[in-house]
Amino acid sequence: KIIGIVKVIQTIEWIQNTYGGRGLLFASPENPALMLTVDEWESKYGTDPVGLIMMMRLWWNSMGGGVHTP
């Protein structure tokens, strides 16, 4: 499957600015209790957390629920 997203930087910046830079928080895969901002995530993991989460959610939704066997 090919899945695409459009990330509107102005919207993300607005959310971040509205909440003092902590409008979007992402749980660290190493420690789910550690919540990282977009900048902290990008600096720690070198990836875009917004795009990553959106792609994961789209993939999960396309797979449906339950157990999948080959």
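Q: Contact means heavy atoms within 4.5 Å; with which residues is Thr37 in contact, leaving aside its neighbours within four places in sequence?
A: The contacts of Thr37 beyond those neighbours are Gln16, Gly21, Arg22, Leu24 and Leu25. The structure is a predicted model, in which local features need pLDDT of at least 70 and side-chain atom pairs count only at pLDDT 80 or more, whereas totals for chains, interfaces and linings use all residues. Residues are numbered from 1 along each chain as its sequence is written, and side-chain values use heavy atoms, with hydrogens and water left out.

Q: What makes Thr37 count as buried or exposed?
A: Buried means under 20% relative accessible area, exposed over 50%, and partly exposed in between (1.4 Å probe, protein chains only). Thr37 has a relative accessible area of 9%, so Thr37 is buried. Its place is the loop between strand S2 (35–36) and H2; helices (H or I, at least four residues) and strands (E, at least two) are DSSP runs, numbered from the N terminus.

Q: Why is Gln16 called buried?
A: The relative accessibility of Gln16 is 11%, and therefore Gln16 counts as buried. This residue belongs to helix H1 (residues 9–18). Apart from neighbours within four places in sequence, Gln16 touches Gly21, Arg22, Gly23, Leu24, Thr37 and Val38.

Q: How do you know whether Asp39 is buried or exposed?
A: Asp39 has a relative accessible area of 57%, so Asp39 is exposed. Asp39 lies in helix H2.

Q: Which relation, parallel, antiparallel, perpendicular or oblique, describes H2 and H3, and why?
A: Two packed helices are described by the angle between their axes and the distance between the axes. The axes of H2 (residues 38–45) and H3 (residues 49–63) come within 9 Å and cross at roughly 90 degrees. H2 is therefore roughly perpendicular to H3, given that angles of 65 to 115 degrees count as roughly perpendicular, under 35 as roughly parallel, over 145 as roughly antiparallel and the rest as oblique. Val38, Trp41 and Glu42 of H2 and Pro49, Val50 and Leu52 of H3 make the contact. Its residues divide into 5 nonpolar, no polar and 1 charged.

Q: What makes a set of residues a nonpolar core?
A: A nonpolar core is a set of buried Ala, Val, Leu, Ile, Met, Phe, Trp, Tyr and Cys residues joined through side-chain atoms within 4.5 Å. The largest nonpolar core has 6 residues: Ile12, Phe26, Leu36, Val38, Trp41 and Val50. Val50 touches Lys7, Ile12, Leu24, Phe26 and Val38, not counting residues up to four places away in sequence.

Q: Which elements does the chain contain, and in what order do they run?
A: The chain has 3 helices and 2 strands, which run α-β-β-α-α from the N terminus on. Of its 70 residues, 16% are buried.

Key:
Axes fitted to C-alpha atoms, helices over the stretch in contact; angles between N-to-C directions. Contact = heavy atoms within 4.5 Å. Nonpolar A, V, L, I, M, F, W, Y, C, P; charged D, E, K, R; others polar.
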